[in-house]
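Notebook, today. I opened the model to look up one stretch of the fold and its surroundings.

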Amino acid sequence: MKRREFVIGAAGAGAAMASLFPAGLSGIEREAHASGLERRALGRTGEKLSVIGFGGIVVTSSTAAQASERCAPRSTPASTTSTWPELRERRGHARAGSRALPQGVFLACKTQGRTKDAANAELESSLRKMRTDHFDLYQHHAVTKKADVATILGPGGAMEAFEAAKKAGKVRFVGFSAHSVEAATALMDGYAFDTILFPVNYATWHAGGFGPQVLAKAQEKGMGILCLKALAKAPLAEGAKNRYEKCWYEPFDAPDEARQPCASRCRTR
């Protein structure tokens, strides 16, 4: 699928998904933008980001030249990067020679370091590789178990590194990505995070009841809500060949299909 077709299809799917959220979530402040991509308020941060962000995984295994083309400032106003060293290096090459973020770009990064020392070391490495002096958003990545939550928020935990980085101006906002309701809930109960990054799609939302309780809690706390795997259709069938190198599930990849109201598909499952 061409990039423009993906953007159009994904935007349509996002609008359909929003119509299924509780009233408070579907009422997120929005505004039109000259880029053609709607912008939405990121919780209480005061920022408004494009409805689609740029995930760093798209430059995995890319050359420096390819990364530069894909990461050019003409990309969507919201931009994210990954915890993977290779991705940070590629994104850094795309911004060679600059320590300031391009205008309109909101740069996010993540760490899987659970202790203060581990998280701080990865933060400093990421700043250097990304050739920037700060991240707009820094996140605890892939938190799944409550034991990890206890380590992150406890004495000598990664949260201490996040708070120090924020005071030093190296990080503007702090958040987390989670892959379990249990971990997401525990993190929100334990700290006033600015954002949450969580898997949200029609299949898990309706068939599995995975997501509504997490997003409702995040909205109550005024957090910015970022969604992963929004176009996920189903898990890959056992033995099925992955048609997309950087996608670990079966996605909605036809624009017309992505635009259909999600609810009509859910009722037939």
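I started at Gly169, which sits just after helix 7 and takes a positive phi of about 80°. I took helices (H or I, at least four residues) and strands (E, at least two) as DSSP runs, numbered from the N terminus. This is a predicted model: local features need pLDDT of at least 70, side-chain atom pairs count only at pLDDT 80 or more, and totals for chains, interfaces and linings use all residues. Residues are numbered from 1 along each chain as its sequence is written, and side-chain values use heavy atoms, with hydrogens and water left out.

Next, helix 7 itself, residues 158-167. I found Ala158, Met159, Ala161, Phe162 and Ala165 buried there (under 20% relative accessible area; exposed is over 50%, partly exposed in between; 1.4 Å probe, protein chains only). They lie on the same side of helix 7, because they cover an arc of only 155° around the axis (taken from the directions from the helix axis to the C-beta atoms). What do the buried residues of helix 7 pack against? I listed strand 6 (106-111), helix 5 (116-130), strand 7, helix 6 (146-153) and strand 8, with contact meaning heavy atoms within 4.5 Å.

Then I turned to strand 8, residues 171-178. Strand 8 is mostly covered, with 7 of its 8 residues buried. I checked its pairing (at least two DSSP bridges between two strands). Strand 7 (residues 135-143) pairs with strand 8 in the parallel sense over 6 bridges. Leu137 stands opposite Phe173 of strand 8. Strand 9 (residues 195-199) also runs parallel to strand 8, joined by 3 bridges. There, Ser177 has Leu197 as its bridge partner.

Last, I followed the chain from strand 8 through helix 8 (residues 181-190) to strand 9. This β-α-β crossover is right-handed: with the strands pointing away from the viewer, the path from the first strand over the helix to the second runs clockwise.
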